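Hi everyone, thanks for having me. I'd like to walk you through one structure today, starting with a helix and then moving to the core.

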Amino acid sequence: MKSPAELIERFREEGLKVTPQRELVFRLMHENQLHPTAESVFGAAREVMPTISLKTVYAVLNDLKSLGEIQSIDVGSGAARFDPNVGEHHHVVCRLCGVIGDVLVDTRDLVMAPSDHEGFAIDNVEVTFRGVCRNCTTKQL
């Protein structure tokens with residue numbers, strides 16, 4: 001994801017209004033490796049700007065997603081998570097605490113995708129590894 005200053009410029013180039021609320025969400029998402037939900041971004045934003053609405057946070061996240069600056073991921077937690085890392089990568093999820101991490105692995109040798117399945121042309125593969133994180137493992141000992 002671009003820096004907040006670069007996102008301001010990008011939004012202006014796209015004809016999108018730059019508001020203090022948008023700038024705040026840009027800052028909260030920049031290099032955020034927690035894969036936050038919209039609700040957690042909203043909670044952090046409200047600490048800085050109590051008048052911001054959840055609807056506004058969703059709108060900014062969706063604008064960022066539409067521009068290709070973040071991606072939305074579904075790791076089966078029941079809520080969409082937002083990831084500023086738009087490069088090719090996969091995820092690891094702790095089955096106890098739900099923490100999500102990025103995994104940089106070449107999955108071409110791990111995944112056998114069909115070249116044609118019922119008319120589908122496969123153009124993307126998403127792999128989610130599940131296990132127990134270091135913190136949860138330590139707590140169990």
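Before we start, one term: when I say contact, I mean heavy atoms within 4.5 Å. And keep in mind that this is a predicted model.

Okay, let's look at helix α1. Which residues of α1 are buried? They are Leu7, Ile8, Arg10 and Phe11. These cover an arc of only 165 degrees around the axis, so they sit on the same side of α1. What covers them includes α2 and α4.

Next, the aromatic rings. The count here comes to one aromatic pair. The ring centres of Phe11 and Phe26 are 4.9 Å apart and their planes are at 65 degrees, so this pair is edge-to-face, since the cut-off for that is over 60. The pair links distant parts of the chain, with Phe11 in helix α1 and Phe26 in helix α2, 15 residues apart. Phe11 is buried, at 0% relative accessible area, and Phe26 is buried at 0% too.

That brings us to the core. The largest nonpolar core has 21 residues, and among those touching the most other members are Phe26, Met29 and Leu61. Helices α1, α2, α3 and α4 each give two or more residues to this core.

Last stop, Met29. Which residues is Met29 in contact with, leaving aside neighbours within four places in sequence? Met1, Pro36, Val41, Leu61, Ile70, Phe82 and Pro84.

Note on methods:
Residues numbered from 1 in each chain as written. Predicted model: local features only at pLDDT ≥ 70, side-chain atom pairs only at ≥ 80, totals over all residues. Heavy atoms only, no water. Core = buried A, V, L, I, M, F, W, Y, C linked by side-chain atoms within 4.5 Å. Buried < 20%, exposed > 50% of the residue type's maximum accessible area, 1.4 Å probe, protein only. Helix = DSSP H or I, 4+ residues; strand = E, 2+ residues; numbered from the N terminus. Phe/Tyr/Trp six-rings, centres within 6.5 Å; stacked < 30°, edge-to-face > 60°. Arc of directions from axis to C-beta.
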